[in-house]
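Hi,

Here is the structure I promised to pass on.

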Amino acid sequence: MLTWINEKAKWVIVIFAAGIVVGLLAMDRVPKTNQSYPVAIVNDHKVSYGEFDTRIKKIVQNQYQGQHLEDEQYAQLRSEVFRSFVRQVMMEGIYEDADLRASVAELKSEFKRNPDVVRSRLVQEAQGRLYAIQQQATSQEDLMQRSQAYIASLPKFLVDTTFNKAEFDAWLETPQAFQWGVMLQLEEDLKNATIPSRQLQVLVGASVHPTSLESKWNVDRRMTDYDMDVAYVNASDFAVEEAAVDSAMVKGYFNAHVDSFFVEKDEVLFDYVKLPVAATDADDERIREYAMTLYYQLSDTSSTANFEDMARISSEDPGSAENGGMLTQEAGHGAFVEEFEKAALALDSGAISEPVKTRFGYHIIKSFGKSTDSTGAVSAKVGHILLVVNASSETVDSLENVLSGIKTDMAAGKSFEEAAQARNLAVERSEWVGPGDNIAALGYLKGLASFAWPNENLSEDVGDVSPVLKNNQWVVVATKAKELKAGERDVSVYYDTIKKNLLKKKNAAAAAAYLTSMADKVKAWAPADSADSTAAVAPAEIEKVKIESKSASAEGFIPGFGYANPNVAKVLNGQKEGEWGPVVETDNGAVMVKVKSKKVVDQATLETAIKDDKDNAFRFTTATAFSQYVGDLEKATPVVNNLDLFYKD
């Protein structure tokens, strides 16, 4: 095969290149450059396809470094980059309106405070320059001379083994510092984003004023310990029937709290038909034949092919392919499936097996030597070439043809259900799905979002049924059963959530009613080792009620309440020592508490803790307020998203 590829290399390249272009067009990866639409419009600022594509390519190059990205990963990356442009344009507008600028003093301070960041960028640029010198050198002598001259011209702090901060600070004051491209770029980033953002955060945080009283309340909750007895019952022991909450109750609750249940983003309910993408016997035979072809080539003594190169080219095991097929664990220790281990241990050193079938696919195994330990157990260092048995394009095409028939029937006037029933296919309904979400049972389907939320600039009509959509597991067609726009209210979106919460409340109420009926027994209870001779009830006699002695603060874990439950402080603060309190409903069931004693920290420790809490609260609240401010701005910013004019996500 490798010989054939070498002989036909020119034609293979031409055909391969043509295939890439056709594939990209089919996948809508090639933008519709004949259209004058920007990728985004944010506050009337247009983001061009060129800007957007450049940022995508830089991220792929720097972060993924040649890794293969699946369609879903590309879609997620495009979504994140789109949002980064929205934020950038939005924030630049705020900086300009508020006249937020970085002063020269602030820029210098930022450089001096972050020498590691500056040095790492300088090193990258210097390495790039040395690489360019290497490419341009006419001889080894020329390379050495030019490289040494360039290194000698570098700042001393960059080449010395010990970093000298004083030399670095002095260099920042020279004109040479800003002859570096990375320094200009870093200065631009600081001037246009980092420092104005910090200034804006200070302005937003100016309205944050945590008080000593609030901090004292927080510290009291956290540092006051209570010794207590806790009697509790679990709501799960009093679960009511599903029928206890009917649709009328759910709708009644929805109507009573309608302002709490609006849709934050567009939502669609899909009806869909799916067919599993599974390899056929013919697909299995095709991969087996290909595996045999590789085996014969590796076994042919006249062939120039070797196992390591073939593994790098052909193996579909990403963990070992780049290492020439070599596996990090040895066969014989049970790390691999039985068929693989048996075949691997049967090989002599240097031998290559015929294709071995496992649930992972077909393996061509090479032994790199056996060893025997003190117990007589044999193991072997091995490598493999894995060929996964996937559904062929012919198999997938046949599935697509079945579902294309549904589209044809609907064009002829049949309903989605009728067209599916005619092919003995079940129609399923999704949960509510928004832009950027997947149908949970199916995963990511390229093209589903473009069908559900078509761009208003698209001239073609998307129709009532989606194109045939597919991923590695399913081939699907879908239709919109119902859709809602952001801001609308509909009980069906929240029906299951409301019903679940109402059932939970009924469970807790039933638990509370039961614990109330057992309150006298609880009050008569005393620990087994208690000196109280009046104790008349042992724990085992109070059915379904658990009683524990506990020492905790209001923010600690308390049985029946859970961890840091906000209701605990109310219960403990209002409780008389030595007496059982009333029954309290919780999310977990119902609880009664008896406070036996309270331990308060000394005044000096308390005052120190209050000061620390106040300082921490200011920092945290400032950051939270700024994050909320930016998030609210983002929601309020008018944005036109034209991604689907360029990519069919």
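The lining of the largest pocket splits into 17 nonpolar, 10 polar and 12 charged residues (Ala, Val, Leu, Ile, Met, Phe, Trp, Tyr, Cys and Pro count as nonpolar, Asp, Glu, Lys and Arg as charged, the others, Gly among them, as polar). Please note that this is a predicted model, where local features need pLDDT of at least 70 and side-chain atom pairs pLDDT 80 or more, while totals for chains, interfaces and linings use all residues. Numbering starts from 1 along each chain as its sequence is written, and side-chain values use heavy atoms, without hydrogens and water.

The pocket holds about 1800 Å³ of space. On a 1 Å grid over the protein atoms alone, a pocket is an open set of points where a 1.4 Å probe fits, with protein on both sides within 12 Å along at least five of seven lines; lining residues have an atom within 4 Å of a point. Volume is the space filled by probe spheres on points joined across faces, edges and corners. Among the 39 lining residues, Ser 79, Phe 82, Pro 435, Gly 436 and Asn 641 lie nearest the centre. H4 gives the largest share, 8 residues.

Now the sheet: E8-E4-E10-E9 is the order of its 4 strands, open and antiparallel (strands are DSSP runs of at least two E residues, helices of at least four H or I, numbered from the N terminus; pairing takes at least two DSSP bridges). E8 (428-433) and E9 (469-470) are the edges with a single partner strand each, so one side of each has no neighbour in the sheet. E4 and E10 share 10 bridges, and Val 268 has Glu 483 as its bridge partner in E10.

Best wishes
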